Amino acid sequence: GQARQSAIFAAGGLEDLEGEERTQENLFRYCMSLQVLAFAEHHQGNEEGAELFAHFWLQALEETFSVEKYPDGHFELAKGIASVGSVKSRLQKYEEAEQLFQRAITMYRKLREEPHAPARDISYAEGLGGLAMCKLRQKKMDEAISLFRQDIEILEGLVAQKASLKF
């Protein structure tokens with residue numbers, strides 16, 4: 001229906017960004033627009049629309065933060081992949097969601113090895129938490145508990161780190 005037409009139009013928007021307009025900044029803005037549309041469709045109960053926008057969102061993210069430009073991945077790409085995983089999980093597409101969360105978590109692990117801000121650890125923990133919720137929804141309790149423990153360990157480390165910075 002209308003969501004499909006909007007999603008196809010949105011996909012065409014990426015094609016329309018040519019030459020000087022196809023900057024990293026404009027591509028990223030386009031990605032964020034698709035993110036908003038995917039979540040809006042989901043919250044309105046339109047699963048087909050949410051899935052279509054999530055598909056185009058992931059496609060746009062992968063172009064914006066391509067392997068050629070960022071061989072080890074990019075923080076915003078990892079965040080976006082995990083967010084698309086959340087959409088898939090909410091739509092009960094658990095196998096697809098798990099693959100996306102695993103991909104994001106792998107990228108976060110690579111990116112954590114470099115000097116980083118705590119926001120990267122928070123996002124890494126959110127990726128683990130998202131995968132844990134996906135496992136929980138499938139009643140894979142042992143896997144979910146293990147992932148939640150890893151998530152909590154990272155967050156406790158951040159709290160301890162912040163507490164040690166106080167004067």
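How do the residues of the lining of the largest pocket divide into nonpolar, polar and charged? They divide into six nonpolar, seven polar and three charged, where Ala, Val, Leu, Ile, Met, Phe, Trp, Tyr, Cys and Pro count as nonpolar, Asp, Glu, Lys and Arg as charged, and the others, Gly among them, as polar.

The model is predicted, with local features needing pLDDT of at least 70 and side-chain atom pairs pLDDT 80 or more, while totals for chains, interfaces and linings use all residues. Residues are numbered from 1 along each chain as its sequence is written, and side-chain values use heavy atoms, without hydrogens and water.

The largest pocket holds about 210 Å³ of space. Of its 16 lining residues, K79, G80, A82, S83 and E126 are the closest to its centre. Two or more lining residues come from each of helix 2 (24-43), helix 3 (47-64), helix 4 (75-90), helix 5 (94-112) and helix 6 (118-137); helix 4 gives the most, with six. A pocket here is an open set of points on a 1 Å grid over the protein atoms alone, where a 1.4 Å probe fits, with protein on both sides within 12 Å along at least five of seven lines; lining residues have an atom within 4 Å of a point. A volume is the space filled by probe spheres set on the points, which are joined across faces, edges and corners. Helices are DSSP runs (H or I, at least four residues), numbered from the N terminus.

The second largest pocket has a volume of about 150 Å³. Helix 3, helix 4 and helix 5 each supply at least two of its lining residues, and helix 3 gives the most, with five. K88 and E96 are among the residues of this lining.

These two residues also pair with each other: K88 forms a salt bridge with E96, with the closest N and O atoms 2.9 Å apart. A salt bridge is a side-chain nitrogen of Lys or Arg within 4 Å of a carboxyl oxygen of Asp or Glu, and the structure holds eight. K88 also meets E51 in a salt bridge (2.7 Å, N to O). K88 lies in helix 4 and E51 in helix 3, so this pair ties together parts 37 residues apart in sequence. K88 counts as buried because its relative accessibility is 9%, buried being under 20% relative accessible area, exposed over 50% and partly exposed in between (1.4 Å probe, protein chains only). E96, at 35%, counts as partly exposed.
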